Amino acid sequence: MSPRPASRPARPRAPAPVVAKAPKRPRFAGGLRRLADLGRRLALATGDEGALVELVSSVQQAFPDCACAVRLIDPQTGRLIGALAHGALLPGARDKIEISEEMMRRSGLSMASLPPGVGATRTRQAVFHKGARGISVPLVGAEGLVGLLDVEATGKGRPPGPRALAILLPLAPQAAAALRNAQLISELKSVKRYLENLIERANALILVADGARRIQVFNQAFCDLSGRRREDVIGRDLVDLVPAQDRRKLVRAMAESLRGHPIDHLEIGLLTADARQVRVSMNTSALVSSDGAIEGLIAIGEDLTRFRELERRVIHAEKLSSLGRLAAGVVHELNNPLTSIIVSAESLRSRFSLAREITDPDRDKVARILDASQRILRFTSDLLAYARPAPAEAAPVEVSDLVGTALQFCEHVLRETSAQVELRIEEGLPRLWGVRSNLLQILVNLLTNACHAMGKPGCITIEAFGAGDQVALRVRDEGGGIPRDDLHRIFEPFFTTKPGGTGLGLSIVQGIVVQHGGALEVESELGRGTAITVRLPTEPAR
């Protein structure tokens with residue numbers, strides 16, 4: 001037998017490498033990191049609601065087994081001003097703010113420092129449905145108690161312990177300050193919106209200009225009156241919106257206001273977008289900053305257009321009263337001898353027509369006497385009609401009948417001027433309410449003026465259409481138009497640009513329209529013609 005080989009000694013095995021295991025991270029470590037970064041997150045939150053959501057969300061992630069809530073109060077009144085909960089609060093718990101004596105001690109609170117309505121208890125009471133143990137951390141800021149942070153186990157959740165309290169107590173002042181700041185910022189924004197809305201919707205004219213007279217605020221009332229868009233006005237010099245004759249007055253008033261001396265009842269013109277002028281009355285005063293420096297001025301005013309119109313009507317009524325007394329005497333003194341002149345001239349014309357020895361020049365002289373006398377008679381009639389409109393009872397008047405009668409009355413002047421008439425009468429118009437003879441006078445005067453304004457063959461358009469609760473009558477001619485400088489004078493008594501005119505036709509029209517509670521509008525373009533629109537009521541004035 002062959003000998004067995006000797007066995008080799010076994011190699012010692014290398015020890016297995018030791019792998020160090022990372023410590024097990026708590027499942028809510030991410031939430032704790034979020035709490036550590038809470039101050040920055042609250043500062044970035046949008047408004048008080050955003051800050052509230054961020055705080056509740058961060059606490060809930062740090063303590064996922066618990067329900068949590070934040071209830072905010074006014075530090076002065078103790079009134080609840082906001083609340084957000086992750087979990088179901090018990091009935092009445094939302095508005096019931098109570099702090100345990102231990103938390104008061106840890107937060108440096110005393111009974112005297114608690115706002116009204118906030119209570120103190122020996123032990124904490126549950127605030128969530130199926131709630132167990134928990135903590136309620138006071139949120140104390142510079143103004144005092146601003147809220148309460150509740151973290152509470154519900155169901156089988158693990159209640160927050162000393163570690164949670166150690167984390168939340170240092171965070172509470174930071175969270176209180178951030179929440180209060182966010183709340184104050186929201187309140188400031190709310191007040192700013194309210195004031196902006198107040199200025200924007202005010203019936204008064206309001207503007208603000210800086211020390212260099214540049215417009216900073218131009219409210220809607222100013223936009224409506226001037227016909228300008230706000231974006232076209234902001235940043236412009238206020239003086240640019242005022243006519244040249246009022247600029248020196250405005251500059252002096254602004255200089256006084258910027259020196260701290262308020263100006264009352266400054267009446268100036270305002271240039272509109274369509275190159276018109278409206279009169280406004282302004283009260284101006286300085287805008288003073290918190291450190292006492294004058295930063296600009298504010299002007300609050302009113303549109304004087306309606307006031308000036310009422311003033312004009314009063315003056316017009318006074319003129320009518322004076323003219324009425326004068327007219328009565330003048331007409332009485334003129335009509336008696338005038339009647340004798342007309343009767344005598346008619347008699348002479350009748351005799352001259354039969355006498356052969358009377359020459360044509362003599363007959364022409366008698367004809368001129370009659371024409372002049374008739375003209376004076378018409379003038380005295382117009383004078384009385386203007387000064388003392390004939391009183392009569394108002395009644396319903398058909399528009400189409402009124403227009404037809406006016407055309408019959410004006411047939412001779414239409415024929416003399418070779419004017420054509422185009423009618424545009426809207427169907428189904430309600431009847432006018434007024435004195436028929438006076439309304440007829442309006443149309444006759446407007447048609448006569450239109451014929452004389454053209455001076456050559458052309459077309460006169462008569463329109464009648466509904467205008468809200470009124471009916472509008474418009475007479476449009478193809479004459480030469482009225483110069484802009486004369487537009488505001490055409491209703492003045494005795495103002496005329498027509499050779500041989502009395503200047504009372506449109507004044508009579510205006511007086512009748514005002515008596516009936518209507519309105520007049522004039523549109524004119526040189527070389528194109530003029531349109532006068534009369535708006536008249538369809539029902540008696542109430």
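Modeller: Let us start with Ile-460. Leaving aside neighbours within four places in sequence, its contacts include Leu-414, Ala-419, Gln-420, Val-421, Glu-422 and Leu-447. Ala-450, Cys-451, Met-454, Val-475 and Arg-476 are in contact with Ile-460 too. Bear in mind that this is a predicted model.

Biologist: Which residues have the most contacts inside the largest nonpolar core?

Modeller: The largest nonpolar core has 40 residues. Several elements each supply at least two residues, among them α11, α12 (411-417), β15 (459-467) and β18 (529-537). In general, nonpolar side chains tend to be buried together in soluble globular proteins. Inside this core, the residues with the most contacts are Leu-432 and Ile-460.

Biologist: Which element gives the most to this core?

Modeller: The elements that each supply at least two residues include β16 (470-476), α15 and α13 (436-454). The top contribution is 10 residues, and it comes from α13.

Biologist: How many residues does the other core have?

Modeller: That core lies apart from the one with Leu-432 and Ile-460. Its members include Val-70, Leu-148, Ala-164 and Ala-175. The count for this other core is 38 residues.

Biologist: Is Leu-52 buried or exposed?

Modeller: Leu-52 lies in helix α3 (residues 47-62). Not counting residues up to four places away in sequence, Leu-52 touches Val-70, Leu-72, Ala-83, Leu-84 and Leu-179. The cut-off for buried is under 20% relative accessible area. Leu-52 has 9% relative accessibility, so it counts as buried.

Biologist: How far apart in space are Leu-52 and Ala-175, C-alpha to C-alpha?

Modeller: In sequence, Leu-52 and Ala-175 are 123 residues apart. In space, C-alpha to C-alpha, the distance between Leu-52 and Ala-175 is 9.4 Å.

Biologist: And how far apart in space are Ala-178 and Leu-55?

Modeller: Ala-178 is found in helix α5 (residues 162-201). Ala-178 has a relative accessible area of 16%, so it is buried. Ala-178 and Leu-55 are 123 residues apart in sequence. Their C-alpha to C-alpha distance in space is 9.9 Å.

Biologist: Which residues make the nonpolar surface patch of about 400 Å²?

Modeller: One of them is Val-191, which is found in helix α5. Val-191 is partly exposed, with a relative accessible area of 44%. The patch is made by Val-191, Tyr-194, Leu-195 and Leu-198.

Biologist: Which residue has its backbone oxygen 2.9 Å from a polar atom of the Thr-405 side chain?

Modeller: Thr-405 lies in helix α11 (residues 399-409). Its relative accessible area is 14%, so Thr-405 is buried. Not counting residues up to four places away in sequence, Thr-405 touches Arg-436 and Leu-440. The backbone oxygen at 2.9 Å from its side chain belongs to Asp-401.

Biologist: How many of the 11 residues of helix α15 are buried?

Modeller: Helix α15 spans residues 505-515 and is mostly covered. Its buried residues include Leu-506, Ile-508, Val-509, Ile-512 and Val-513. Ser-507, Gln-510 and Gly-511 are buried as well. The count for α15 is 8.

Biologist: Which residue just after α15 takes a positive phi?

Modeller: The phi is about 75°. The residue that takes it is Gly-517.

Biologist: What share of the chain's residues count as buried?

Modeller: The chain has 15 helices and 18 strands. Its accessible surface comes to about 32,200 Å², with 54% belonging to carbon and sulfur atoms. Of the 542 residues, the buried share is 38%.

Terms used. Residues are numbered from 1 along each chain as its sequence is written. This is a predicted model: local features need pLDDT of at least 70, side-chain atom pairs count only at pLDDT 80 or more; totals for chains, interfaces and linings use all residues. Side-chain values use heavy atoms; hydrogens and water are left out. Helices (H or I, at least four residues) and strands (E, at least two) are DSSP runs, numbered from the N terminus. Buried means under 20% relative accessible area, exposed over 50%, partly exposed in between (1.4 Å probe, protein chains only). A polar contact is a pair of N or O atoms within 3.5 Å; within protein, one must be able to donate a hydrogen and the other to accept it, and residues adjacent in sequence count only if both atoms are side-chain atoms. Contact means heavy atoms within 4.5 Å. Patches are made of residues with over 30% relative accessible area and no salt bridge: like charges are joined within 9 Å, nonpolar side chains (Val, Leu, Ile, Met, Phe, Trp, Tyr) within 5 Å. Accessible areas come from the Shrake-Rupley method with a 1.4 Å probe; for residues, only the protein chains shown count as cover. A salt bridge is a side-chain nitrogen of Lys or Arg within 4 Å of a carboxyl oxygen of Asp or Glu. A nonpolar core is a set of buried Ala, Val, Leu, Ile, Met, Phe, Trp, Tyr and Cys residues joined through side-chain atoms within 4.5 Å.
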